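Dear colleague,

I am passing on the structure that follows, with some notes on what was found in it. Please read the notes with the model open beside them.

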Amino acid sequence: MTALELIEHGYHVEIFDQTDAAKAASWAGGGILSPMYPWKYHPAVNQLAQFGKQSYLSWNKKLMPVSGIDFEIEQVGMLIFDHDQYDYGLNYAHDFHEPEQESSLLTQDTLHQLNPRLNKTLDSAVYFPQLANIRNPRLTQSVLKYLQSQPNVLIHQHQRIIEFKQTNNHIQAVLDEEGNRYVADHYVIATGAWTENLIDQFGLKLEIKPIHGQMVLYKTPEKWLPNMCMNNTMYLIPRRDGHIVCGSSTNDFGFDRDLREDISQNIIQAALSLVPDLVDFPIVKQWSGLRPGSPTGVPKIGRVKDLNNLWINAGHYRNGLVMAPASARLLREQIQGVATFFDASPYQI
Ligand SMILES: Cc1cc2nc3c(=O)[nH]c(=O)nc-3n(C[C@H](O)[C@H](O)[C@H](O)COP(=O)(O)OP(=O)(O)OC[C@H]3O[C@@H](n4cnc5c(N)ncnc54)[C@H](O)[C@@H]3O)c2cc1C
C-alpha cells in the first residue's frame with residue numbers, strides 16, 4: 001500500500017520481499033475493516049482505521065480494471081454478542097463521532113430474523129450495519145498485479161534486505177543477502193513482524209514482535225451466513241461466495257508458524273457455539289500468520305530520528321489491513337514534506 005501511494009504521487013519504487021510478495025500477514029488476516037471493539041483501542045488506531053472502508057472502495061475501483069481482481073468489499077455488518085461490551089458499543093459512534101460505527105441493540109426476534117443461522121440460545125446482540133470486510137488475499141494480489149503493471153515499479157521477490165549503508169545521517173544504499181547494493185533517495189521499512197531484525201543495526205527497539213494468529217475456513221453455499229459475528233474476540237467472516245473465515249488466536253511462538261491442533265479446536269468450538277449448523281459444512285483450509293505485534297497496537301509511521309531518508313511503516317498488529325490506506329498516505333505525505341492529513345505525532349519513531 002505504501003508503494004501504491006508513492007507511485008500515485010510520481011515516485012519510482014523498488015520493492016524487496018524475502019519470500020513471495022504479498023503472502024505474509026496481509027494475506028493471512030481476516031480483512032475486517034474495523035478494529036475489534038474499537039473502544040478498547042488507542043484513538044491513534046481508530047483515527048487511521050476510520051478511513052479503511054472508503055479508501056478501499058476507491059482503490060478497488062482504480063485497481064480492478066488493471067489487475068482484473070475484485071477484492072470484494074462486503075458491507076455485511078457485524079453482530080457482537082459480548083454482553084459486557086454492549087454499552088460501549090452502543091455509545092461509541094456518538095461519543096467518538098464515527099458514523100461508520102453506528103449500532104443498535106437487537107433482541108431475540110429481530111436478531112434471528114436478521115440472521116437465521118445463529119444459535120437459537122443467543123438472546124441479543126449489538127448490530128453494526130456499516131461494518132465491512134475485504135477479501136484480503138485478493139487485495140494483496142490485486143495490489144501486486146497493479147504494481148507489476150506500472151513502469152515506475154520494480155519488484156524483487158525472494159530477495160532479503162539485510163543491511164543499510166549509512167554515512168553520517170544519510171542512508172546511501174541497502175544490501176541484500178547476496179551482497180547486491182541498491183541506491184535510492186528514500187528507504188522505507190515496511191517489514192511487518194520482521195521489522196526488529198532490520199532496525200537492529202541502528203540500535204532502535206520498537207518492540208514489534210511476531211504474534212501468531214490461526215484461521216479455519218469453512219465453505220457453505222453462497223450468502224449462507226448474512227453477517228460477521230463476534231464473541232469474546234472470536235469471529236466469523238462470510239465471504240461473497242460462501243467461504244467463512246473463522247478466527248483467531250494470539251500467541252507468542254516467535255517466528256514459528258506451525259498450526260496447532262488445540263488452537264484449531266478452540267476456533268471451531270467458538271464458531272459452532274455461534275452458528276451450530278456450520279458443523280454440516282467442510283473445513284477447506286487452515287492457516288496461520290504472524291501479526292506485527294506492538295505494545296499498544298499503534299503503528300510506527302515516520303522518519304527514523306537522526307536519519308534524513310529512512311522511514312518506517314510497521315507495527316500495525318491486529319489492524320494492519322484496515323489501517324493500511326491511511327498509514328500509507330500518512331507516510332507518503334511525510335516523505336513529500338507536505339502537511340499531513342492529520343497529526344502524525346502519535347506514530348513517531
Ligand atoms: C490471523 C490474522 C487475522 C488478522 N485479521 C485482521 C483483520 O481482520 N483486519 C485487519 O485490519 N488486520 C488484520 N490482521 C492484521 C494484519 O494482517 C497485519 O497488521 C498487516 O497485514 C501487517 O502488514 P505488514 O505489511 O506490516 O506485514 P506483512 O503483511 O507481514 O508484510 C511484511 C513483508 O515484509 C517482508 N520482509 C520482512 N523482512 C524482510 C527483509 N529483511 N527483506 C525483504 N522482505 C522482508 C515479509 O516477507 C512480508 O512479505 C490479521 C492478522 C492475522 C495474522
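How do the residues of the lining of the second largest cavity divide into nonpolar, polar and charged? They divide into 10 nonpolar, two polar and no charged, where Ala, Val, Leu, Ile, Met, Phe, Trp, Tyr, Cys and Pro count as nonpolar, Asp, Glu, Lys and Arg as charged, and the others, Gly among them, as polar.

Before the rest, two notes on the source. This is a predicted model, in which local features need pLDDT of at least 70 and side-chain atom pairs count only at pLDDT 80 or more, while totals for chains, interfaces and linings use all residues. Residues are numbered from 1 along each chain as its sequence is written, and side-chain values use heavy atoms, with hydrogens and water left out.

Cavities

The structure holds two cavities of 30 Å³ or more. A cavity here is a set of points, on a 1 Å grid over the protein atoms alone, where a 1.4 Å probe fits but cannot get out, and lining residues have an atom within 4 Å of a point; grid points are joined across faces, edges and corners, and a volume is the space filled by probe spheres set on the points. The second largest cavity, with a volume of about 40 Å³, has a lining that includes Ile32, Tyr37, Phe128 and Met230. The largest cavity holds about 100 Å³ of space, and its lining, with Lys53, Glu98 and Glu100 among the residues, divides into five nonpolar, three polar and three charged.

Ligand

The ligand is surrounded by 33 residues, of which the closest are Asp17, Ser26, Ile32, Tyr317 and Val322; a residue is near a molecule if one of its heavy atoms lies within 4 Å of it. This shell divides into 14 nonpolar, 15 polar and four charged residues. Among the polar contacts (pairs of N or O atoms within 3.5 Å), an oxygen atom of the ligand is 3.1 Å from a polar backbone atom of Ala25, a nitrogen atom of the ligand is 3.0 Å from a polar backbone atom of Gly30, and a backbone N or O atom of Arg318 lies 2.9 Å from a nitrogen atom of the ligand. Taken alone the ligand exposes 1,000 Å², and the protein buries 92% of that, with areas from the Shrake-Rupley method and a 1.4 Å probe. Helix H2 (25–28), strand S10 (209–219), strand S14 (283–293) and helix H10 (320–336) are the elements that give two or more residues to the shell; helices (H or I, at least four residues) and strands (E, at least two) are DSSP runs, numbered from the N terminus.

Backbone details

Ala22, in the loop between strand S1 (13–16) and H2, has a phi near 65°, a positive value in a residue other than glycine, and at 21% relative accessibility it counts as partly exposed. Tyr37, in the loop between H2 and helix H3 (43–49), has a positive phi of about 50° but counts as buried at 3% relative accessibility. For these classes, buried means under 20% relative accessible area, exposed over 50%, and partly exposed in between (1.4 Å probe, protein chains only). Finally, a cis peptide bond, with omega about -15°, joins Gly247 and Ser248, and Ser248 has its place in the loop between strand S13 (243–247) and helix H9 (261–274).

With best regards

How values were computed. A polar contact is a pair of N or O atoms within 3.5 Å; within protein, one must be able to donate a hydrogen and the other to accept it, and residues adjacent in sequence count only if both atoms are side-chain atoms. On a 1 Å grid over the protein atoms alone, a cavity is a set of points where a 1.4 Å probe fits but cannot get out, and a pocket is an open set with protein on both sides within 12 Å along at least five of seven lines; lining residues have an atom within 4 Å of a point.
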